[in-house]
Amino acid sequence: MKKKHKIAIVAGGTGGHIYPAISLSEQLIREKKSVIFFSDTRVRRIIEGNNNSLKKNVKFYFLKVSRRFIDLFSNLKSFVKIFFILKKENPKVVIAFGGY
């Protein structure tokens with residue numbers, strides 16, 4: 001059996017970033033791809049309120065990210081966490097849709 005390559009999708013929490021990322025994730029699911037999705041915590045309510053196929057077929061990682069300078073150490077902690085998640089998940093491709 002051929003191993004499926006993982007694809008990581010990364011998107012910020014605003015509609016202009018998240019909805020195109022969700023659309024791509026849905027298409028990748030239809031194509032039987034393995035998808036992991038990174039976003040900030042604002043996206044959790046969009047995902048949980050809507051799409052059952054995404055919840056069943058995509059592995060989500062929601063991280064606290066801020067653009068305030070005072071949250072610099074929290075952002076660094078999230079960056080390190082992302083690094084180790086990517087190392088563990090080992091995606092073949094990372095597609096980023098923007099955001100801070």
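**Terms put to the test**

Tutor: Start with Glu89: its side chain makes a polar contact with the side chain of Lys6, at 2.4 Å. Keep in mind that this is a predicted model.

Student: What makes the pair Glu89 and Lys6 a polar contact?

Tutor: The cut-off is 3.5 Å between N or O atoms, one able to donate a hydrogen and the other to accept it. The side chains of Glu89 and Lys6 come to 2.4 Å, so the pair counts as a polar contact. The side chain of Glu89 makes another polar contact with the side chain of Tyr61, at 2.5 Å.

Student: Why is Glu89 called buried?

Tutor: Buried means under 20% relative accessible area. Glu89 has 6%, so it is buried. Its place is in helix H4, residues 72-89.

Student: Which residues does Glu89 touch, leaving out those up to four places away in sequence?

Tutor: Lys6, Ile36, Lys59 and Tyr61. Two of these names return in the strands: Ile36 has Lys59 in S3 as its bridge partner.

Student: How do you know that S2 and S3 are joined?

Tutor: Two strands pair if there are at least two bridges between them. S2 and S3 have six, and they run parallel. S3 is also mostly covered, with five of its six residues buried.

Student: What makes the buried residues of H1 line one face?

Tutor: First, the list: Ile18, Ala21, Ile22, Ser25, Leu28 and Ile29 are buried. Seen down the axis of H1, the buried residues fall within an arc of 125°, so they line one face of the helix. The face turned away from that buried side carries the exposed residues Gly16 and Arg30.

Student: How do you know that the span of H1 is close to the expected one?

Tutor: H1 has 16 residues, and 22 Å is expected at 1.5 Å a residue. From first C-alpha to last, H1 reaches 22 Å.

Student: Which residues is Ile47 in contact with, leaving aside neighbours within four places in sequence?

Tutor: Ile22, Leu54, Lys55, Phe60 and Phe62.

Student: Why is Lys32 called exposed?

Tutor: Exposed means over 50%. Lys32 is at 61% relative accessibility, so it counts as exposed. Lys32 lies in the loop between H1 and S2. It has a positive phi of about 65° although it is not a glycine.

Student: Which value of phi does Asn90 have, and where is Asn90 found?

Tutor: Its phi is near 50°, a positive value in a residue other than glycine. Asn90 is found in the loop between H4 and strand S4 (93-96).

Student: Is Asn90 buried or exposed?

Tutor: Set its 57% relative accessible area against the cut-off of over 50%, and Asn90 is therefore exposed.

Definitions and conventions: Residues are numbered from 1 along each chain as its sequence is written. This is a predicted model: local features need pLDDT of at least 70, side-chain atom pairs count only at pLDDT 80 or more; totals for chains, interfaces and linings use all residues. Side-chain values use heavy atoms; hydrogens and water are left out. Contact means heavy atoms within 4.5 Å. Helices (H or I, at least four residues) and strands (E, at least two) are DSSP runs, numbered from the N terminus. The expected span of a helix is 1.5 Å times one less than its number of residues. Buried means under 20% relative accessible area, exposed over 50%, partly exposed in between (1.4 Å probe, protein chains only). The arc is that of the directions from the helix axis to the C-beta atoms.
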